Amino acid sequence: MVKNITAEQLADKIDADEQFTLIDTRPEDSFEAWHVRDAENVPYDPDEGLSEDQLNEVNAMVDDRPVVAICGKGLTSTPFAFDLDEHGYDDAEVVTGGMEEWSKVYEVVPIETSSDDLVIRQVQRRAKGCLGYVVGSKEAGEAVVVDATRQTDQFKVAAQDAGLSITRVLDTHVHADHISGSPALADEVSVPYHLGEAASERGVEYEYEPLSDGEVIEVGDVEIEALHTPGHTSEMMNYLVDGELLLTGDTLFVDSVGRTELQFGEDDASRGAELLYDSLHETILDLPNDTTILPGHITVTSDGRYENGSPGDPLEAQLGNLREELDFLGLDRETFIERLTEDAPEKPPNYETVIAINTGKETVDDEGEATELELGPNNCAA
């Protein structure tokens, strides 16, 4: 009998180290571009059914373990599971909504701080490695949200569970890998939406209140200082929370630095690299070594693995450790610029369209289309 499970239940199985065989029935190129950790690929066409060779392949890889099938939306994995059922696999399960739903799985992780008043929740979008934040004051019962993704309810629930009401929504920058949920969230809860003041140069058409370099937002007794850190984009803002935690957006990650050619283009990528070098060395690296770095993304490989850390654990680093361990931070200016401009990774899919949506120049109202634009891990690191 074929059963359905949710993407969240699949995540629970993986995290619990359950023994099962995950079979992805999408075409090989789609699978190779992005898939769940430890999945096997058996491309399946419902019109042709399961061939003898495919059945032998499945028999070899399953090794008496339960089977879980997944595809893009459930359109091929479901008939695949029924085909297996007819061949004696009576415990096959199908992930409802497939990779589309997998891309919407979240974990909310508390971040430790030195203050009893300061509350920080890291909202992890598991499959894409997007990281957003709820930053608030327990005493005031208020919070700001930073870098909300399109699933805005995740941030509302994270704030509510922490006993906080959202009073402002901030973006660190105009994102290129996913559709920002920040303008929509601000509208839904009727609070101001903020970007750095240099966003005017990007032609942002959303209504927003600009933040200048050094401007401080207060949430109760919690102070959030906006630091202009151009490089990944011209308007990039980092947010220094109570002088001890830095929300770095796509400026500095726990395993790399932000790429610079998505806004500036291949021809002017060196300009972005110069700006990023200055932001790192004149702003971020001037902070104390015990500053906690909270990035806007974690690198997720095409096979669904985190380069550093694990889903559900705090994804953070001490600045002093990054100073010693991260190769990029030890490079001289010329070498740094050369590395960023000559060895750029593959661009995020649909990034130009995503940027147009995030500046308000284009809109997307269809949920399926929005999900399609965002499919795949983020590619924001150099």
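1. Gln122 is buried, with a relative accessible area of 0% (buried means under 20% relative accessible area, exposed over 50% and partly exposed in between, with a 1.4 Å probe and protein chains only). The residue lies in strand β7, residues 118–125; strands (E, at least two residues) and helices (H or I, at least four) are DSSP runs numbered from the N terminus.

2. The model is predicted: local features need pLDDT of at least 70 and side-chain atom pairs count only at pLDDT 80 or more, while totals for chains, interfaces and linings use all residues. Residues are numbered from 1 along each chain as its sequence is written, and side-chain values use heavy atoms, with hydrogens and water left out.

3. The side chains of Gln122 and Tyr133 are joined by a polar contact of 3.0 Å (a pair of N or O atoms within 3.5 Å; within protein, one must be able to donate a hydrogen and the other to accept it, and residues adjacent in sequence count only if both atoms are side-chain atoms). A polar atom of the Gln122 side chain also lies 2.8 Å from the backbone oxygen of Leu315.

4. Beyond neighbours within four places in sequence, Gln122 is in contact with residues including Val109, Leu131, Leu294 and Pro314, where contact means heavy atoms within 4.5 Å.

5. Elsewhere, helix α9 (residues 269–282) packs against helix α11 (residues 333–342) at an angle of about 130°, with the axes 9 Å apart. Axes are lines fitted to C-alpha atoms, for helices over the stretch in contact, and angles run from 0 to 180 degrees between N-to-C directions.
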